[in-house]
Each structure stands twice: as structure tokens, then as C-alpha cells.
Amino acid sequence: MTNKYMYFVANWKMFGGVKSLNSLDKVIKFLRSFKKKNFIKIVYCPPNTLIDLMVKKLKKTKIYVGAQNCHESEKFGAFTGSVNPMMLKNVGARYVIIGHSEIREKGETNKIINLKIHNALKSGLKVIFCIGETSSEKKNKMTKNVLNKQIKFGLDRIRNNKSIIIAYEPVWAIGSGIIPKTNELLETVEFIKKKTKNIKVLYGGSVNPKNIHRLNLIDNLDGYLIGGASQESKKFIDIIKKTYN
Ligand code: 13P
């Protein structure tokens with residue numbers, strides 16, 4: 001239970017077609033009558049193929065749209081299959097997720113992430129910057145070291161902290177059904193906030209309606225980045241409701 005301003009960011013990953021947009025009707029309806037609606041910010045990050053349609057659908061609502069990644073170039077270019085921040089802004093995206101572990105795994109370096117963040121901010125997008133340790137890094141007690149490095153290099157020469165939100169997503173928690181222990185998460189969020197001069201911190205990794213009450217005990221969190229459970233409106237709404245009642 002909280003009375004805080006919280007973000008609920010839905011990351012649909014590589015799921016969803018045009019028909020999936022119908023599932024937003026429930027969320028729009030819910031938000032209209034939700035007593036704490038002024039406390040929450042909902043952001044949907046669908047695949048790029050749905051951004052334009054989703055922006056149009058959510059035009060008269062207070063639900064925002066973001067992308068799940070972007071190319072690092074600020075200009076158009078011969079980069080087959082890529083979309084840059086300016087192009088995302090052009091179709092109405094307001095946010096972009098950068099540094100997700102599913103992309104880091106494919107070779108995205110801290111240096112590329114830093115460039116992406118620079119150019120996304122330049123284009124006027126807000127950035128959801130993902131950091132997190134793998135299970136072997138956790139076992140070897142390297143969590144703080146890893147996070148420190150990701151923050152240091154990822155945010156190198158970034159001045160506009162107000163347009164950045166950090167999403168702490170331990171890689172071992174993503175899609176596993178496992179969440180960190182309360183005291184561990186509290187301590188990690190505190191560490192991130194100290195290192196970043198109080199940038200907002202979201203938690204991501206297996207957030208669902210069953211474990212949300214445990215996560216809500218972490219009172220320094222500013223919201224959640226939700227994967228699987230965000231694809232079902234009922235679960236997504238339940239997570240929000242349970243955070244406030
Ligand atoms: P899950 O909620 O499916 O574990 O995914 C978390 C995530 O990666 C969000 O970006």
C-alpha cells in the first residue's frame with residue numbers, strides 16, 4: 001500500500017498484433033474511475049509495429065506510449081532494420097527503454113547504451129534505463145560492482161537526469177517467477193539512488209498480482225517495469241489496484 005506517485009510501465013516485448021490493442025479498453029476504463037489516478041503514470045511499450053496505432057488509440061487518455069529500444073544514431077542512415085529516437089518521437093512515443101538485458105545479451109555495450117541515451121534525450125524522449133546483474137554475478141557478490149559500472153558508463157556525460165528513470169531488473173528475476181528478498185531489494189535501490197543522485201528507480205522482473213504486496217514493502221521504489229503480466233489487462237490492473245489499496 002502506498003500513497004506515492006508510481007510508474008507502471010508495460011513492456012510487451014515481442015508480443016502483440018493489431019488486435020491486442022483492444023485489451024487496452026479495460027485499462028482506459030479502469031483509469032477513468034480509479035480514485036488514485038493522479039498518483040500513477042502508465043506507460044505502454046509495445047513492439048514498434050504498434051506504436052503509431054497505440055498513440056492514436058490513447059490520444060485522449062493519460063496513458064503514454066514508449067518504445068522498447070532504439071538505434072544509437074540521431075540521424076537517418078543506412079541501418080537496415082533499425083529505428084532511431086527521432087523516428088520514435090515522430091510517431092508519438094514519449095519514452096524509450098534502453099539497456100534491457102535481453103538486448104545487452106546480444107552484445108549491446110555500455111558505450112552504445114550511453115550513446116543511445118544521449119540521442120534519445122536529444123530527441124526529446126524520456127529514457128527508461130535498465131540495469132541489473134546476472135545470477136552468476138549475484139552468486140559472486142558482484143551486484144554492486146556491476147550496477148556501479150552500468151550506471152557510470154551508461155550515464156557518462158548525461159546532464160538531464162530529470163528525463164531518466166532507472167529500471168533495476170536483476171537478469172535472474174526476469175521471466176523466472178522469482179523476485180529478490182525484501183531487504184536485498186531495499187538495499188540495492190538505496191545504492192542506486194545514492195549513485196545517481198536520486199534518479200527514480202523502478203523494479204522489474206516477474207512482477208505479478210501475487211507478489212506485488214511483497215514488492216510494495218520497498219518504500220523507496222518509484223514503480224514497476226512489467227513484462228509478462230502487462231500483456232493481460234486484468235493482471236496489470238490488479239497490480240495497480242493492489243499497490244494503492
Ligand atoms: P517479466 O515481468 O516477464 O519477468 O519481464 C520483466 C522485464 O523484462 C520487463 O522489462
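This is a predicted model: local features need pLDDT of at least 70, side-chain atom pairs count only at pLDDT 80 or more; totals for chains, interfaces and linings use all residues.
**Helix packing and the ligand site**

Helix 7 passes helix 8 in a right-handed crossing.

For helix 7 and helix 8 (residues 182-195), the angle is about 30° and the axes sit 11 Å apart. Angles under 35 degrees count as roughly parallel, so helix 7 and helix 8 are roughly parallel to each other.

Helix 7 has another partner to look at. Helix 5, which covers residues 110-122, packs with helix 7 (residues 143-154) at an angle of about 45°, and their axes are 8 Å apart. That angle makes helix 5 oblique to helix 7. As for handedness, helix 5 goes past helix 7 in a right-handed crossing.

Next up are helix 1 and helix 10. Helix 1 is made of residues 24-33 and helix 10 of residues 233-244; the two pack at about 25°, with 9 Å between their axes. Helix 1 and helix 10 are therefore roughly parallel to each other. Here, too, the crossing of helix 1 past helix 10 is right-handed.

Now for the ligand. Around the ligand are Asn11, Lys13, His100, Glu169, Ile174, Gly175, Gly205, Ser206, Leu225, Gly227 and Gly228.

With glutamate 169, the side chain is involved: one of its N or O atoms is 3.0 Å from an oxygen atom of the ligand. With serine 206, the backbone is involved instead, as a backbone N or O atom lies 2.7 Å from a ligand oxygen atom. Glycine 228 also uses its backbone, with a polar atom there 2.8 Å from an oxygen atom of the ligand. Taken alone, the ligand exposes 310 Å², and the protein buries 94% of that.

Note on methods:
Residues are numbered from 1 along each chain as its sequence is written. Side-chain values use heavy atoms; hydrogens and water are left out. A residue is near a molecule or strand if one of its heavy atoms lies within 4 Å of it. A polar contact is a pair of N or O atoms within 3.5 Å; within protein, one must be able to donate a hydrogen and the other to accept it, and residues adjacent in sequence count only if both atoms are side-chain atoms. Accessible areas come from the Shrake-Rupley method with a 1.4 Å probe; for residues, only the protein chains shown count as cover. Axes are lines fitted to C-alpha atoms, for helices over the stretch in contact, and angles run from 0 to 180 degrees between N-to-C directions. Helices (H or I, at least four residues) and strands (E, at least two) are DSSP runs, numbered from the N terminus. Angles under 35 degrees count as roughly parallel, over 145 as roughly antiparallel, 65 to 115 as roughly perpendicular and the rest as oblique. A crossing is left-handed if the near helix is turned anticlockwise from the far one by less than a right angle, and right-handed if clockwise.
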